[in-house]
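Subject: Structure for you to look at

Dear colleague,

Please keep it open while you read.

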Amino acid sequence: MNQFSTDVINLGRTPERFDGLVNTPVFRGSTIVVNSFSEWEEFKRNGGVYRHYGRFGAATAKSFESAISALEGGAGSIVFPSGLSACTHALMACVEANSHVLIADNIYGPTRNFADNILVRMGVSVEYFDSTNLEALTEKINDRTTAVFIESPGSMTFELSDVAAISTISHQYGAKVLVDNSWATPLLFQPLKHGADISIQSVTKYIGGHSDILMGVATANAETYQQLTKTGHLFGETTSLLFLSRNVLP
Ligand SMILES: *Cc1c(COP(=O)(O)O)cnc(C)c1O
(Lines give C-alpha, C1' and ligand atoms only; values in the text may rest on other atoms or scores of the structure.)
Protein backbone atom coordinates (compact mmCIF):
# COMPACT_ATOMS: atom_id res chain seq x y z
CA MET A 1 0.00 0.00 0.00
CA ASN A 2 1.36 3.40 -0.88
CA GLN A 3 0.94 6.59 1.12
CA PHE A 4 -1.99 7.78 -1.02
CA SER A 5 -3.98 4.62 -0.28
CA THR A 6 -3.31 5.10 3.42
CA ASP A 7 -4.36 8.75 3.22
CA VAL A 8 -7.65 7.84 1.58
CA ILE A 9 -8.50 5.77 4.63
CA ASN A 10 -7.23 8.11 7.32
CA LEU A 11 -7.65 11.70 6.13
CA GLY A 12 -10.15 13.81 8.03
CA ARG A 13 -10.28 11.38 10.95
CA THR A 14 -9.28 12.59 14.42
CA PRO A 15 -10.39 9.88 16.88
CA GLU A 16 -8.63 11.60 19.78
CA ARG A 17 -11.25 14.34 19.61
CA PHE A 18 -14.17 11.89 19.88
CA ASP A 19 -13.29 9.44 22.64
CA GLY A 20 -11.47 7.29 20.14
CA LEU A 21 -14.32 6.93 17.67
CA VAL A 22 -12.85 6.15 14.28
CA ASN A 23 -15.27 8.27 12.29
CA THR A 24 -16.13 11.89 13.00
CA PRO A 25 -19.71 11.77 14.32
CA VAL A 26 -22.48 13.66 12.55
CA PHE A 27 -23.87 16.53 14.61
CA ARG A 28 -26.93 18.55 13.66
CA GLY A 29 -27.49 22.13 14.74
CA SER A 30 -27.91 25.73 13.74
CA THR A 31 -27.25 28.35 16.39
CA ILE A 32 -24.08 28.23 18.46
CA VAL A 33 -24.49 29.86 21.86
CA VAL A 34 -21.76 31.36 24.00
CA ASN A 35 -21.66 32.29 27.69
CA SER A 36 -20.57 35.88 27.41
CA PHE A 37 -19.91 38.65 24.97
CA SER A 38 -16.16 38.33 25.48
CA GLU A 39 -16.35 34.62 24.72
CA TRP A 40 -18.28 35.50 21.56
CA GLU A 41 -15.60 37.96 20.53
CA GLU A 42 -12.91 35.39 21.23
CA PHE A 43 -14.85 32.75 19.36
CA LYS A 44 -15.09 34.90 16.27
CA ARG A 45 -11.47 35.93 16.52
CA ASN A 46 -10.27 32.34 16.72
CA GLY A 47 -12.62 30.84 14.24
CA GLY A 48 -13.09 33.69 11.83
CA VAL A 49 -16.48 35.02 10.83
CA TYR A 50 -17.72 31.71 9.55
CA ARG A 51 -17.75 29.78 12.79
CA HIS A 52 -20.70 31.23 14.63
CA TYR A 53 -23.59 29.62 12.81
CA GLY A 54 -24.36 26.19 11.48
CA ARG A 55 -24.85 27.32 7.92
CA PHE A 56 -21.13 27.83 7.57
CA GLY A 57 -20.48 24.23 8.56
CA ALA A 58 -18.22 23.18 11.35
CA ALA A 59 -15.97 20.31 12.28
CA THR A 60 -17.84 17.43 10.63
CA ALA A 61 -17.84 19.39 7.40
CA LYS A 62 -14.32 20.59 8.04
CA SER A 63 -13.12 17.01 8.52
CA PHE A 64 -14.60 16.01 5.20
CA GLU A 65 -13.38 19.15 3.45
CA SER A 66 -9.86 18.73 4.79
CA ALA A 67 -9.75 15.12 3.56
CA ILE A 68 -10.97 16.06 0.08
CA SER A 69 -8.69 19.08 -0.11
CA ALA A 70 -5.67 16.94 0.78
CA LEU A 71 -6.60 14.33 -1.84
CA GLU A 72 -7.15 17.01 -4.50
CA GLY A 73 -3.98 18.86 -3.51
CA GLY A 74 -5.91 22.10 -2.89
CA ALA A 75 -5.83 24.98 -0.43
CA GLY A 76 -9.33 24.18 0.81
CA SER A 77 -12.71 22.70 -0.07
CA ILE A 78 -16.33 23.66 0.48
CA VAL A 79 -19.33 21.32 0.55
CA PHE A 80 -22.59 21.87 -1.34
CA PRO A 81 -26.01 20.18 -1.10
CA SER A 82 -25.54 18.46 -4.48
CA GLY A 83 -22.90 17.96 -7.12
CA LEU A 84 -24.80 20.26 -9.45
CA SER A 85 -24.84 22.94 -6.77
CA ALA A 86 -21.05 22.65 -6.49
CA CYS A 87 -20.76 23.11 -10.28
CA THR A 88 -23.13 26.07 -10.48
CA HIS A 89 -21.75 27.97 -7.49
CA ALA A 90 -18.17 27.41 -8.58
CA LEU A 91 -19.18 29.00 -11.87
CA MET A 92 -20.95 31.84 -10.07
CA ALA A 93 -17.73 32.51 -8.17
CA CYS A 94 -15.98 33.17 -11.48
CA VAL A 95 -18.40 35.38 -13.43
CA GLU A 96 -19.85 38.88 -13.44
CA ALA A 97 -22.16 40.73 -15.84
CA ASN A 98 -20.66 40.82 -19.33
CA SER A 99 -18.27 37.96 -18.60
CA HIS A 100 -17.68 35.37 -21.28
CA VAL A 101 -17.42 31.73 -20.23
CA LEU A 102 -16.21 28.78 -22.25
CA ILE A 103 -17.67 25.40 -21.42
CA ALA A 104 -16.58 22.05 -22.80
CA ASP A 105 -19.20 20.62 -25.14
CA ASN A 106 -19.03 17.27 -23.32
CA ILE A 107 -20.04 18.82 -19.97
CA TYR A 108 -22.57 17.19 -17.64
CA GLY A 109 -26.02 18.13 -19.04
CA PRO A 110 -27.49 19.95 -16.03
CA THR A 111 -24.39 22.19 -15.84
CA ARG A 112 -25.07 23.14 -19.46
CA ASN A 113 -28.72 23.85 -18.59
CA PHE A 114 -27.63 26.12 -15.77
CA ALA A 115 -25.31 28.06 -18.05
CA ASP A 116 -27.92 28.40 -20.81
CA ASN A 117 -30.77 29.38 -18.49
CA ILE A 118 -29.22 31.28 -15.58
CA LEU A 119 -25.85 32.65 -16.66
CA VAL A 120 -27.24 33.91 -19.94
CA ARG A 121 -30.11 35.62 -18.12
CA MET A 122 -27.55 37.49 -16.02
CA GLY A 123 -25.76 38.88 -19.05
CA VAL A 124 -22.95 36.33 -19.18
CA SER A 125 -22.16 35.09 -22.65
CA VAL A 126 -21.82 31.33 -22.77
CA GLU A 127 -19.97 29.50 -25.51
CA TYR A 128 -19.14 25.83 -25.91
CA PHE A 129 -15.92 24.39 -27.28
CA ASP A 130 -14.34 21.04 -27.99
CA SER A 131 -11.99 20.75 -25.04
CA THR A 132 -9.93 18.07 -26.78
CA ASN A 133 -8.94 20.65 -29.40
CA LEU A 134 -6.65 23.41 -28.12
CA GLU A 135 -7.14 25.42 -31.30
CA ALA A 136 -10.85 25.61 -30.56
CA LEU A 137 -9.93 27.13 -27.21
CA THR A 138 -7.48 29.69 -28.59
CA GLU A 139 -10.00 30.71 -31.25
CA LYS A 140 -12.77 31.38 -28.77
CA ILE A 141 -11.07 32.63 -25.61
CA ASN A 142 -10.83 36.42 -25.27
CA ASP A 143 -10.17 39.19 -22.76
CA ARG A 144 -13.71 38.93 -21.38
CA THR A 145 -13.37 35.20 -20.64
CA THR A 146 -13.43 34.75 -16.86
CA ALA A 147 -14.04 31.00 -16.65
CA VAL A 148 -13.21 27.91 -18.67
CA PHE A 149 -15.19 24.91 -17.40
CA ILE A 150 -14.18 21.46 -18.53
CA GLU A 151 -14.85 17.87 -17.58
CA SER A 152 -12.23 15.21 -18.12
CA PRO A 153 -13.18 12.43 -18.68
CA GLY A 154 -16.33 14.04 -20.02
CA SER A 155 -19.81 12.83 -19.11
CA MET A 156 -20.96 9.93 -21.29
CA THR A 157 -18.35 10.32 -24.03
CA PHE A 158 -15.28 10.03 -21.80
CA GLU A 159 -13.01 12.22 -23.90
CA LEU A 160 -9.89 13.37 -22.11
CA SER A 161 -8.70 16.96 -22.20
CA ASP A 162 -5.23 18.38 -21.75
CA VAL A 163 -5.90 20.16 -18.47
CA ALA A 164 -2.37 21.56 -18.18
CA ALA A 165 -2.40 23.11 -21.65
CA ILE A 166 -5.94 24.44 -21.21
CA SER A 167 -4.91 26.00 -17.89
CA THR A 168 -1.82 27.65 -19.37
CA ILE A 169 -3.82 29.20 -22.22
CA SER A 170 -6.73 30.25 -19.99
CA HIS A 171 -4.50 31.90 -17.42
CA GLN A 172 -2.93 34.04 -20.12
CA TYR A 173 -6.38 35.62 -20.41
CA GLY A 174 -6.94 35.78 -16.65
CA ALA A 175 -9.66 33.10 -16.82
CA LYS A 176 -10.14 30.57 -14.02
CA VAL A 177 -10.15 26.90 -14.98
CA LEU A 178 -12.86 24.73 -13.43
CA VAL A 179 -12.83 20.97 -13.78
CA ASP A 180 -15.71 18.65 -12.99
CA ASN A 181 -13.63 15.79 -11.59
CA SER A 182 -16.56 13.51 -10.69
CA TRP A 183 -15.54 10.73 -13.03
CA ALA A 184 -11.82 10.46 -12.33
CA THR A 185 -11.99 11.55 -8.67
CA PRO A 186 -8.69 12.63 -7.08
CA LEU A 187 -7.78 8.96 -6.77
CA LEU A 188 -7.05 8.91 -10.50
CA PHE A 189 -6.54 12.57 -11.40
CA GLN A 190 -5.80 15.77 -9.53
CA PRO A 191 -6.68 18.75 -11.76
CA LEU A 192 -5.19 21.39 -9.45
CA LYS A 193 -1.77 19.79 -9.81
CA HIS A 194 -2.09 20.34 -13.56
CA GLY A 195 -2.91 24.03 -13.26
CA ALA A 196 -6.70 24.08 -12.79
CA ASP A 197 -8.10 26.49 -10.19
CA ILE A 198 -11.19 24.61 -8.98
CA SER A 199 -11.87 20.87 -8.95
CA ILE A 200 -15.44 19.71 -8.37
CA GLN A 201 -16.86 16.36 -7.39
CA SER A 202 -20.38 15.06 -7.09
CA VAL A 203 -20.15 13.40 -3.66
CA THR A 204 -23.36 11.61 -4.62
CA LYS A 205 -21.35 9.41 -6.95
CA TYR A 206 -18.14 7.61 -5.98
CA ILE A 207 -17.68 9.17 -2.53
CA GLY A 208 -21.24 8.46 -1.41
CA GLY A 209 -21.33 5.34 -3.46
CA HIS A 210 -24.60 3.84 -2.33
CA SER A 211 -27.26 6.03 -3.97
CA ASP A 212 -28.39 7.20 -0.55
CA ILE A 213 -27.03 10.75 -0.32
CA LEU A 214 -26.82 13.91 -2.41
CA MET A 215 -23.84 16.19 -1.89
CA GLY A 216 -21.12 18.01 -3.77
CA VAL A 217 -17.71 19.46 -2.99
CA ALA A 218 -15.48 22.00 -4.69
CA THR A 219 -11.77 22.39 -3.99
CA ALA A 220 -9.71 25.41 -4.94
CA ASN A 221 -6.10 26.48 -5.13
CA ALA A 222 -4.82 29.20 -2.80
CA GLU A 223 -5.57 32.04 -5.25
CA THR A 224 -9.19 30.99 -5.74
CA TYR A 225 -10.26 29.55 -2.39
CA GLN A 226 -11.62 32.80 -0.83
CA GLN A 227 -13.47 33.67 -4.04
CA LEU A 228 -15.09 30.22 -4.08
CA THR A 229 -16.07 29.99 -0.41
CA LYS A 230 -17.30 33.58 -0.21
CA THR A 231 -19.68 32.94 -3.09
CA GLY A 232 -20.91 29.70 -1.52
CA HIS A 233 -21.57 31.44 1.78
CA LEU A 234 -23.26 34.45 0.16
CA PHE A 235 -25.69 32.09 -1.56
CA GLY A 236 -26.37 30.31 1.73
CA GLU A 237 -25.12 27.01 0.40
CA THR A 238 -24.70 24.39 3.10
CA THR A 239 -25.25 20.75 4.03
CA SER A 240 -27.35 20.18 7.11
CA LEU A 241 -25.81 16.91 8.22
CA LEU A 242 -22.27 18.11 8.44
CA PHE A 243 -22.33 20.09 11.61
CA LEU A 244 -20.35 19.81 14.79
CA SER A 245 -20.37 21.58 18.13
CA ARG A 246 -17.81 24.37 18.60
CA ASN A 247 -16.47 22.54 21.64
CA VAL A 248 -14.65 20.11 19.44
CA LEU A 249 -13.60 22.41 16.66
CA PRO A 250 -9.99 21.95 15.65
C1 LIG B 1 -24.02 13.34 -11.16
C2 LIG B 1 -23.04 14.33 -11.66
C3 LIG B 1 -23.09 15.67 -11.25
C4 LIG B 1 -24.15 16.21 -10.34
O5 LIG B 1 -24.19 15.59 -9.09
P6 LIG B 1 -25.54 15.55 -8.20
O7 LIG B 1 -25.04 15.23 -6.84
O8 LIG B 1 -26.42 14.51 -8.79
O9 LIG B 1 -26.15 16.93 -8.27
C10 LIG B 1 -22.14 16.55 -11.73
N11 LIG B 1 -21.19 16.14 -12.58
C12 LIG B 1 -21.11 14.86 -13.01
C13 LIG B 1 -20.02 14.48 -13.94
C14 LIG B 1 -22.02 13.91 -12.56
O15 LIG B 1 -21.94 12.66 -13.00
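**Around S99**

S99 touches G123, V124, S125, R144 and T146, leaving aside residues up to four places away in sequence, where contact means heavy atoms within 4.5 Å. Please bear in mind that this is a predicted model, in which local features need pLDDT of at least 70 and side-chain atom pairs count only at pLDDT 80 or more, while totals for chains, interfaces and linings use all residues. Residues are numbered from 1 along each chain as its sequence is written, and side-chain values use heavy atoms, with hydrogens and water left out.

S99 lies in the loop between α4 (83-92) and β2 (100-104); helices (H or I, at least four residues) and strands (E, at least two) are DSSP runs, numbered from the N terminus. With a relative accessible area of 2%, S99 is buried, a word that stands for under 20% relative accessible area, with exposed over 50% and partly exposed in between (1.4 Å probe, protein chains only). The side chain of S99 reaches the backbone oxygen of E96 at 2.8 Å, and it also makes a polar contact with the side chain of T146 at 3.3 Å. A polar contact is a pair of N or O atoms within 3.5 Å; within protein, one must be able to donate a hydrogen and the other to accept it, and residues adjacent in sequence count only if both atoms are side-chain atoms.

**Strand β1**

Five of the five residues of β1 are buried, so this strand is largely enclosed by the rest of the structure. Both of its faces are covered, with G76, I78 and F80 buried on one side and S77 and V79 buried on the other. β1 pairs with β7 in the antiparallel sense over five bridges, where pairing requires that DSSP finds at least two bridges between two strands, and the bridge partner of F80 in β7 is G216.

**The ligand**

Of the 14 residues around the ligand, G83, L84, D180, T204 and K205 come nearest, a residue being near if one of its heavy atoms lies within 4 Å. A polar backbone atom of G83 is 2.8 Å from an oxygen atom of the ligand, whereas polar side-chain atoms lie 2.4 Å from a ligand oxygen in the case of T204 and 2.9 Å in the case of K205. Taken alone the ligand exposes 380 Å², of which the protein buries 90%, with accessible areas coming from the Shrake-Rupley method with a 1.4 Å probe (for residues, only the protein chains shown count as cover).

With best regards
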